[in-house]
Amino acid sequence: MINARAGSMRFLVGVALVLAISACTGPHSRSRSPVATEPSLVVAPAPIERIEPLPAQVQPGPLQPSPVWQRLRTRFALGGCGYSDAVLREARRYTRSSQHFSASWQAAMPSLLLVLQEIERHDLPGEFALLPYVESNYRSLPARGKGPAGIWQLMGRTAVDHGLKVGRDHDQRLDLLASTEVALALIERYDREFSDWRLASMAFNAGEYRLKRALGGASTTVLDAQRLAQLNLSSTTHQHLIRLLALSCIVAEPERFGVDLPQPGAEDLLVQVTPAAAIDLRLAASLAGVNVEEMLRFNMAWSGQSSPHGPASRLLLPAAAAARLQLALADFPVSLLGAWHARRIDIAGTPAEFAARLGITAKVLAQANHLDVDAPLASGRLLLLPGADPDAVAAGDPQVHAIKPGDTLSAIARRYQVRLAELMRWNGMTAHSVLRPGRNLRIRAPTH
């Protein structure tokens, strides 16, 4: 077996090499011009797939990605600030709070880098890397009822028609990689159909058939900004294009709007890890040294829209966390990856004592809980244990919890491994709401 620590070093060196090589590449021109304007089992290390990080110059010290905004500007093709007065008005609205604008892009940076990489791979105009900001502020939003979901706000039927899985416990519209592939494929198709990047953007919002009806067979080669604005489409669709162009205007001339665009750091580079078997998200988070919230941030597709239900077959993580997870997976039993649950222990002990009762090694239990093998464990401590939660199994994975005297919202949230904020939202409650014994609380996201 390859030495795990050496494997991890090679992984990090691999990232640096990809960074160095990528720095020498730039956008390619398209053929058609765009619009001007298991314990006893011995296993091999789990394989890892890498997403090529943002190109960078490799220098001594931490890896520093290259300027993301300049990469975007070199690909702009839709007109930007000079398109219309409406674009400038919208740009000023976006930047009324320059600090808020910059902070929102700082939060979006890991996803932006991934999307930009795919934009460059597909050789699309840079403006389309800004489209998820128009759609969702680059937040991976779960669907409400039959509504859209993900950073691209894809509708369920559209996603399914393009091969994505859309279900209660696995919605690939929340998968950054999978949804981006579908969104960019749609944009490319719309461009082939309408021969105009502006119309491709509008079709993404309105749908191609609605746009065709609005065009009425007219040639798309003579649509200037004024004529395009007169198309019989909803104001939402027209505003969709204006907002995209306004964002490109700000990125092109940030000083004009008093904006400091944030620069990416090495912690923004996302790496894909594919374990040898599907892995419980709570276990993955512990092995990677991150909390569940951080794990869910980039892996919402596996979350059941609320909590880390079910195992994931691939994960996106910041490079450092991905390296820690890969190192841990190198000697973790494959048969024990799939299902874990959190439980408060009622007696004190050590990982070795609890592991003996569970039939696993102390090393595995300690790894799963980020503990030393001989660490003393006090009664009442929350431990991650292998297997499905027996309470949930006995109750058939309940959808509701009957309130009992002494219950608190935070205790209920911890028991069912859901987020307190979402528990309150699903039940229309606040931190000051009174829990009345006998009332049922919803403990899963509503399916409408």
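Predicted model: local features only at pLDDT ≥ 70, side-chain atom pairs only at ≥ 80, totals over all residues.

1. The main core. The largest nonpolar core has 74 residues. Within this core, the residues with the most contacts are W69, F101, W105, W152, L199 and F204. Two or more residues come from each of α2 (68-73), α3 (85-94), α4 (98-122), α5 (131-136), α7, α8, α9 (208-215) and α11 (235-252).

2. The second core. Apart from this, there is a separate core of 45 residues. V271, F332, L383 and L384 are among its members.

3. Surroundings of W152. What does W152 touch, leaving aside its neighbours within four places in sequence? Its contacts are V115, F128, L131, P132, E135, S179, T180, A183, L184, I187 and F204. Two of these, A183 and I187, belong to α7 and take part in its contact with α8, as does F204 from the α8 side.

4. α7 against α8. Two packed helices are described by the angle between their axes and the distance between the axes. For helix α7 (residues 176-194) and helix α8 (residues 197-206) the angle is about 125 degrees and the axes are 8 Å apart. The two helices are therefore oblique to each other, and the crossing of α7 and α8 is right-handed. From α7 the contact uses A183, L186, I187, Y190, D191 and F194; from α8 it uses W197, L199, A200, A203 and F204. By class, the residues of this contact are ten nonpolar, no polar and one charged.

5. α8 against α9. Here the packing angle is about 120 degrees, and the axes of α8 and α9 are 7 Å apart. That angle makes α8 oblique to α9. L199, A203 and A206 of α8 meet E208, R210, L211 and L215 of α9. The contact of α8 with α9 divides into five nonpolar, no polar and two charged residues.

6. α7 against α9. R189, Y190, E193 and F194 of α7 make the contact with E208, L211, K212 and L215 of α9. These residues divide into four nonpolar, no polar and four charged.

7. L130. This residue is in the loop between α4 and α5. L130 counts as buried because its relative accessibility is 0%. L130 and L247 are 117 residues apart in sequence, but their C-alpha atoms are 6.9 Å apart in space.

8. P275. The loop between β1 (270-273) and β2 (279-280) holds P275. At 6% relative accessibility, P275 counts as buried. P275 and L337 are 62 residues apart in sequence and 8.8 Å apart in space, C-alpha to C-alpha.

9. Helix α14. How many of the eleven residues of helix α14 (residues 319-329) are buried? Eight are, so α14 is largely enclosed by the rest of the structure. The buried residues are A319, A321, A322, A323, L325, Q326, A328 and L329.

10. S286 and H370. S286 lies in helix α12 (residues 281-288) and is buried, with a relative accessible area of 15%. Leaving out residues up to four places away in sequence, S286 touches Q367, A368, N369, H370 and L384. H370 itself is in the loop between α16 (362-368) and β6 (382-386). At 58% relative accessibility, H370 counts as exposed.

11. Positive phi. Most residues other than glycine have a negative phi. H370 has a positive phi, near 55 degrees. The phi of N137 is likewise positive and near 55 degrees. N137 is found in the loop between α5 and α6 (156-161) and is partly exposed, with a relative accessible area of 32%.

Methods: Residues numbered from 1 in each chain as written. Heavy atoms only, no water. Axes fitted to C-alpha atoms, helices over the stretch in contact; angles between N-to-C directions. Helix = DSSP H or I, 4+ residues; strand = E, 2+ residues; numbered from the N terminus. Parallel < 35°, antiparallel > 145°, perpendicular 65-115°, else oblique. Left-handed = near helix turned anticlockwise from the far one by under 90°. Contact = heavy atoms within 4.5 Å. Nonpolar A, V, L, I, M, F, W, Y, C, P; charged D, E, K, R; others polar. Core = buried A, V, L, I, M, F, W, Y, C linked by side-chain atoms within 4.5 Å. Buried < 20%, exposed > 50% of the residue type's maximum accessible area, 1.4 Å probe, protein only.
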